[in-house]
Amino acid sequence: MEDRHDAQLGPKATHAMTLTQLGRPVWRQLIIGFVLLWAALVVLSASAAAHEGHKQQRQAQLAAQQRLQQQQQAASAQMQQQPQTQASSAQMTPGEMHENMGEMMMTPTDRSKLSFLERLRTWLGAFHSIVVHFPIAFFPAALFTAVVGRRRPAFGAPVQFLVVAGGVVAPFAALLGWLNAGFELNDPDRLLLAHRWLGTAIGLGGLALALWAWRRPWEDRGAGMVLSLSVMTAAIAVQGWFGGSLIHGIAHLNW
């Protein structure tokens, strides 16, 4: 005769055992492969002539930002000195603003002077702006389906897939970000440092959430998962602001 306690916990225990048996080798291979890939790319990047191309690019971008700020300050001073009717002539035209922004965003780099390894690093790093959109979409969608799925179970069915998918892609997006910005830990740009380490935390946190959702799927709509996804979504929003500030300037969301 089947015990009542076993009958209640049977499906959950059987489901957990099945996921454990099937998922453990897969996750071990993914984690080991990701660690090996990360280590290989770090060694690859470290041997690429001290990242001369990246340093020159960052210095040029910082110089362009300083020139843009100086031009804006000069225009503001002229507006205060000139009559109101001539104030419009002191403002920067859209073409001048676009030119300065383009200089800041697309600083030319002589790639012929870069070594093969450095060119490979910068080429791989360029995919950061593409891959990063996947965790941005997966984790907020997982939060939405987890919250709605607490009352409507049909909406909660994709939670596990969304969390696992976001957790698999997030570490690779962080790794590509390191390749894109270089491994210079003493970079003077504090905004870049904040963007770098918050992105690393999001990548590792996303991987932890993916393991949790894979191994314990019956908790994917629990209070702990909802809270964790809320923190992850907030971190992604802040990270998006950092990324936008690096490209468009720190005042890009001003009213």
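Biologist: Which residues in H7 and H9 meet?

Modeller: In this predicted model, Phe134, Pro135, Phe138, Phe139, Ala141, Ala142, Thr145 and Ala146 in H7 meet Val159, Leu162, Val163, Ala165, Gly166, Gly167, Val169, Ala170 and Ala173 in H9. Contact here means heavy atoms within 4.5 Å.

Biologist: What classes do the residues of that contact fall into?

Modeller: The contact of H7 with H9 has 14 nonpolar residues, three polar ones and no charged ones. Gly counts as polar in this scheme, and Gly166 and Gly167 in H9 are among the residues in the contact.

Biologist: At what angle do H7 and H9 pack?

Modeller: Helix H7, residues 133–149, packs against helix H9, residues 159–181, at about 155°, and their axes are 8 Å apart.

Biologist: Why is H7 called roughly antiparallel to H9?

Modeller: Angles over 145 degrees count as roughly antiparallel. The angle for this pair is about 155°, so H7 is roughly antiparallel to H9. The crossing of H7 past H9 is left-handed.

Biologist: Now for another partner of H7. How do the axes of H7 and H11 meet?

Modeller: The axes of H7 and H11 come within 9 Å and cross at roughly 145°, and this crossing is left-handed. On the H7 side, the contact is made by Pro135, Ile136, Phe139, Pro140, Ala142, Leu143, Ala146 and Val147. H11 brings Val226, Leu229, Ser230, Met232, Thr233 and Ile236. By class, that gives 12 nonpolar, two polar and no charged residues.

Biologist: And H10: how do you know that its length agrees with its number of residues?

Modeller: Helix H10 has 26 residues, 190–215, and at 1.5 Å a residue they should span 38 Å. The end C-alpha atoms of H10 are 38 Å apart, so the two values agree.

Biologist: What makes aspartate 189 a cap of H10?

Modeller: A side-chain oxygen of aspartate 189 lies 3.1 Å from the backbone nitrogen of leucine 191. A polar contact needs N or O atoms within 3.5 Å, and aspartate 189 caps the N-terminal end of H10 in this way.

Biologist: What makes H10 roughly antiparallel to H11?

Modeller: The axes of H10 and helix H11, residues 223–248, come within 10 Å and cross at roughly 155°. The cut-off is over 145 degrees, so H10 counts as roughly antiparallel to H11. H10 passes H11 in a left-handed crossing, and their contact has 17 nonpolar, nine polar and no charged residues.

Notes
Residues numbered from 1 in each chain as written. Predicted model: local features only at pLDDT ≥ 70, side-chain atom pairs only at ≥ 80, totals over all residues. Heavy atoms only, no water. Axes fitted to C-alpha atoms, helices over the stretch in contact; angles between N-to-C directions. Helix = DSSP H or I, 4+ residues; strand = E, 2+ residues; numbered from the N terminus. Parallel < 35°, antiparallel > 145°, perpendicular 65-115°, else oblique. Left-handed = near helix turned anticlockwise from the far one by under 90°. Expected span 1.5 Å × (residues − 1). Polar contact = N/O pair within 3.5 Å; in protein donor to acceptor, adjacent residues only side chain to side chain.
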